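I opened a notebook page for this structure. I want to record what I looked up, entry by entry.

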Amino acid sequence: MRRLTWSDVTPQPAWLNRRQLIAGAAALAASPALARIEAAPSRYSTDAKPTALEDITSYNNFYEFGTGKGDPAKYAGGLTVDPWSVVIDGLVDKPGTYDLADVIKGQPLEERIYRFRCVEAWAMVVPWIGFELAGLLNRVGVQPSAKFVAFETLVRPEEMPGQKSPFIDWPYREGLRLDEAMHPLTILATGLYGEEMPKQNGAPIRLVVPWKYGFKSIKSIVRISLVDKMPRTTWNMLQPSEYGFYSNVNPKVSHPRWSQASERVIGSGLFGGRQDTLMFNGYEAEVAGLYSGMDLKANY
Ligand SMILES: Nc1nc2c(c(=O)[nH]1)N[C@H]1C(S)=C(S)[C@@H](COP(=O)(O)O)O[C@H]1N2
Ligand SMILES: [Mo]
């Protein structure tokens, strides 16, 4: 049986233009109906089995659409993702408002099959399509005084019903230290399972930082700012004692209200389906060096 892809559940006209943009006209011309996003496989991909598309697109955290796991799939369909632009500002040589096509232009798309670990202690494996954030940052020219990268999600309460709640001081914000942002594992994802990004997963462009808890991987990005001070971030603003700026996956540092030593595998059924949490979510060999000499308990 053919694997169900996003195009099976999205009416074709809705994704055709976007695919043209993301995949390029050539790929589209070759096979109009069946074209997938052209993306090279990556040596950074895990060989763990990807979570089913149905689970990846129905069990979500995207508080702009509500706090329930099913709310994003229910309400994100109304989000307009075309046109879309991203402001890149702060300590960069080429600040500006970039159309999405321009953000993606020239960046080599890869399939990155990454482990994905929410701070709530559930885990998935997601076959993202994206490109290294470093590629974009190098293109706009990071100035030597920049130390951090700050990200913001769209604010559009007419289309994002969850934004009517003042629970979060919108926009949703996230941030990385510059070396974390420049790390080759850090990507901007524009799709998954070989198709354009489902809206509930952060269309049209989101961050993915696989060694950190999922809330760092901010969705539907409209602003990227290079700054010299550690930026304010949404979950840290809400509950600083529970959610640190770093939020690296760490089985030895418990959340104040639950252990992080093991995780529930999404899609593995109601019973069982737990596995040990891996240091840096399994990316220790690649990223531990970013934190050498740092106390990971103090810098949670
Ligand atoms: N803008 C925005 N980005 C967000 C969130 C959110 O509520 N709003 N939730 C975060 C959390 S807690 C997780 S676990 C992941 C979930 O991504 P997924 O739904 O694609 O699995 O998105 C993160 N990015
Ligand atoms: Mo999360």
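**Ligand contacts.** I began with Thr-153: one of its polar side-chain atoms lies 2.9 Å from a nitrogen atom of ligand 1. Taken alone, ligand 1 exposes 530 Å², and the protein buries 98% of that. I keep in mind that this is a predicted model. Glu-64 also puts a polar side-chain atom 2.8 Å from a nitrogen atom of ligand 1. For Tyr-63 I noted a backbone N or O atom, 2.7 Å from an oxygen atom of the ligand.

Which residues come nearest to ligand 1? I counted 17 residues around it, and Asn-60, Tyr-63, Glu-64, Arg-206 and Lys-219 come nearest.

**Record check.** I then turned to UniProt. Its unreviewed entry lists Asn-60, Tyr-63, Glu-64, Cys-118, Thr-153, Asn-201, Arg-206, Ser-217, Ile-218 and Lys-219 under "binding site". From this set, the lining of the largest pocket takes in Asn-60, Tyr-63, Glu-64, Cys-118, Thr-153, Asn-201, Arg-206, Ser-217, Ile-218 and Lys-219.

**Glu-64.** I placed Glu-64 in the loop between helix 4 (53–56) and helix 5 (71–75). Is Glu-64 buried or exposed? Its relative accessible area is 2%, under the 20% cut-off, so I call it buried. I left aside neighbours within four places in sequence and listed its contacts. Glu-64 is in contact with Thr-153, Met-160, Pro-161, Gly-162, Gln-163, Trp-170 and Tyr-172.

I read a relative accessible area of 6% for Cys-118, so it is buried. Not counting residues up to four places away in sequence, Cys-118 touches Asn-61, Tyr-213 and Gly-214.

I looked at Ala-121 too, in the loop between strand 4 and strand 5. Its phi is near 75°, a positive value in a residue other than glycine. Ala-121 is buried, at 7% relative accessible area.

**Tyr-59.** I went back to the loop between helix 4 and helix 5, where Tyr-59 is found. Tyr-59 has 22% relative accessibility; buried requires under 20% and exposed over 50%, so it counts as partly exposed. What does its side chain pair with? I found a polar contact of 2.8 Å between the side chains of Tyr-59 and Arg-264. Beyond residues up to four places away in sequence, Tyr-59 touches Lys-69, Trp-122, Met-124, Arg-264 and Ile-266. I also took a C-alpha to C-alpha distance: Tyr-59 and Asp-71 are 8.8 Å apart in space and 12 residues apart in sequence.

**Ala-48.** I found Ala-48 in the loop between strand 1 (40–41) and helix 4. Its relative accessible area is 29%, and it is partly exposed. Ala-48 touches Ile-113 and Val-125, not counting residues up to four places away in sequence. The C-alpha atoms of Ala-48 and Tyr-114 are separated by 8.5 Å, though these residues are 66 apart along the chain.

**Thr-234.** Thr-234 belongs to helix 9 (residues 234–238). At 2% relative accessibility I count Thr-234 as buried. Where does its side chain reach? It reaches the backbone nitrogen of Arg-173 at 2.7 Å. Leaving out residues up to four places away in sequence, Thr-234 touches Ile-168, Pro-171, Tyr-172 and Arg-173.

**Backbone geometry.** Pro-171 came up again when I checked peptide bonds. A cis peptide bond joins Trp-170 and Pro-171, with omega about 5°. Pro-171 lies in the loop between strand 6 (148–153) and strand 7 (173–177). I noted another cis bond from Asp-82 to Pro-83, with omega near 10°. Pro-83 lies in the loop between helix 5 and strand 2 (85–90).

Phe-280 has a positive phi of about 50° although it is not a glycine. I placed Phe-280 in the loop between strand 13 (274–276) and helix 10 (284–287). Phe-280 is buried, at 2% relative accessibility.

**Whole chain.** Last, I took the totals. The protein chain has 10 helices and 13 strands. Of its 300 residues, 52% count as buried. The chain exposes about 13100 Å², and carbon and sulfur atoms supply 56% of it. Among contacts with a separation of 6 or more, residues 24 or more positions apart account for 71%.

Technical notes: Residues are numbered from 1 along each chain as its sequence is written. Chains are lettered from A and ligands numbered from 1 in the order in which they are written. This is a predicted model: local features need pLDDT of at least 70, side-chain atom pairs count only at pLDDT 80 or more; totals for chains, interfaces and linings use all residues. Side-chain values use heavy atoms; hydrogens and water are left out. UniProt positions are given in the numbering used here, feature names are shortened, and annotations may be inferred rather than shown by experiment. On a 1 Å grid over the protein atoms alone, a cavity is a set of points where a 1.4 Å probe fits but cannot get out, and a pocket is an open set with protein on both sides within 12 Å along at least five of seven lines; lining residues have an atom within 4 Å of a point. Helices (H or I, at least four residues) and strands (E, at least two) are DSSP runs, numbered from the N terminus. Buried means under 20% relative accessible area, exposed over 50%, partly exposed in between (1.4 Å probe, protein chains only). Contact means heavy atoms within 4.5 Å. A residue is near a molecule or strand if one of its heavy atoms lies within 4 Å of it. A polar contact is a pair of N or O atoms within 3.5 Å; within protein, one must be able to donate a hydrogen and the other to accept it, and residues adjacent in sequence count only if both atoms are side-chain atoms. Accessible areas come from the Shrake-Rupley method with a 1.4 Å probe; for residues, only the protein chains shown count as cover.
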